[in-house]
Amino acid sequence: MIEFAGRTAFVTGGANGVGIGLVRALLGEGCRVCIADVREDHIDRALQSLDNSEVMGVQVDVSSRDGMARAADEAEAKFGPVTLLFNNAGVNLFQTIEESSWSDWDWLMGVNLQGPINGVMTFVPRMIAHGQGGYVVNTASMAGWLAGGSPGIYNTTKFAVRGMSESLRYSLAKHGIGVSCVCPGLVKSYIYASDDVRPQALKDGARPVNTEGVKQLAGMHEVGMEPDVIAARILQGMRENQAYIFPMPDHKEELAEYFQEVLADYRDYPEDPGYHERLKIEAFRRARYKEAREAARTAV
């Protein structure tokens, strides 16, 4: 079981939403915490609300490799080795893929996918070198399992984060580093106002902001799960070393229904040349995959 007290945590998107909930929860467990966010004024506001000497803020664009490296250096210079990484920052565009521009793709892929990649590539080698174990938590979404036509790019990024998380979970087990993928649904956050932080350089081809739509989304997010509730459930999932942390029960039946629809797409085809040889190869792969899952369960 992961012990939180005395560890240093790095939380991207840490000034609002799930991020600030995680910051509060981690401070409550005796961690030193770095709030990483693209909005400096939000960081300042968060720090003022916390009034805690064990928390610091660093302004960073998670899509920047150099920026994440500098942020990591700054955090570790003040609080020591980061052994708890929360790749939580995210943005959204509530539109379909065919309605989207290249800039839309570059923006969402940069924050939602390149951001977690940068977090992993920056901090995981340091964690391994420090030899103190640790934990990586990647925030995906139920949109990483259940994909409607909109938001198309967001769905793409969250499916990718889910795959990266599972692969990383197996490769890091031998280092005593746990990995969980968080899949929340509707959260009380400001993700509906993502356009507020969209870089000017990535606005080419952007559709005009639908102010009425934003108001509707704001109302929906007002009844989203409270960040502190989700944060508590994430920490509990880490203690249990869960591969997937589903902090809300809202989608369990729908996910089961979806899995049945997926399995229904299999067909009983006649055997083709090489079928039995492939079965032997797949049996070997399946056994190794099961071993990896079992090893990861007991790694932390």
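1. How many helices and how many strands are there in the chain? In this predicted model, the chain has nine helices and seven strands. Its radius of gyration is 20 Å, close to the 19 Å that the globule rule gives for 300 residues, so the chain is as compact as a globular protein of that length. Along the principal axes, the C-alpha atoms fill a box of roughly 65 × 50 × 35 Å, and 47% of the 300 residues count as buried.

2. The structure holds 11 salt bridges, among them one between Asp-73 and Arg-126, whose closest N and O atoms are 2.9 Å apart. This pair links distant parts of the chain, with Asp-73 in helix H3 (residues 65-79) and Arg-126 in helix H4 (residues 102-130), 53 residues apart. Asp-73 is partly exposed, at a relative accessible area of 44%, and a network of salt bridges links Asp-73, Glu-76 and Arg-126.

3. Helix H4 also contains Asp-104, which is paired with Arg-198 from the loop between strand E6 (177-182) and helix H6 (211-222), 94 residues apart.

4. Because Glu-226 lies in the loop between H6 and helix H7 (227-239) and Lys-188 in the loop between E6 and H6, the pair ties together parts that are 38 residues apart in sequence. Glu-226 counts as partly exposed at 37% relative accessibility, as does Lys-188 at 25%.

5. On the surface, Glu-253, Glu-254, Glu-257, Glu-261 and Asp-265 gather in a patch of negative charge. Of these residues, Glu-257 lies in helix H8 (residues 252-263) and counts as exposed, since its relative accessibility is 51% and the cut-off for exposed is over 50%.

Conventions. Residues are numbered from 1 along each chain as its sequence is written. This is a predicted model: local features need pLDDT of at least 70, side-chain atom pairs count only at pLDDT 80 or more; totals for chains, interfaces and linings use all residues. Side-chain values use heavy atoms; hydrogens and water are left out. Patches are made of residues with over 30% relative accessible area and no salt bridge: like charges are joined within 9 Å, nonpolar side chains (Val, Leu, Ile, Met, Phe, Trp, Tyr) within 5 Å. Accessible areas come from the Shrake-Rupley method with a 1.4 Å probe; for residues, only the protein chains shown count as cover. A salt bridge is a side-chain nitrogen of Lys or Arg within 4 Å of a carboxyl oxygen of Asp or Glu. Lys and Arg count as positive and Asp and Glu as negative; His and the chain ends are not counted. The place of a charge is taken as NZ of Lys, CZ of Arg, CG of Asp or CD of Glu. Helices (H or I, at least four residues) and strands (E, at least two) are DSSP runs, numbered from the N terminus. Buried means under 20% relative accessible area, exposed over 50%, partly exposed in between (1.4 Å probe, protein chains only). The radius of gyration is taken over C-alpha atoms; the globule rule is 2.2 Å times the number of residues to the power 0.38.
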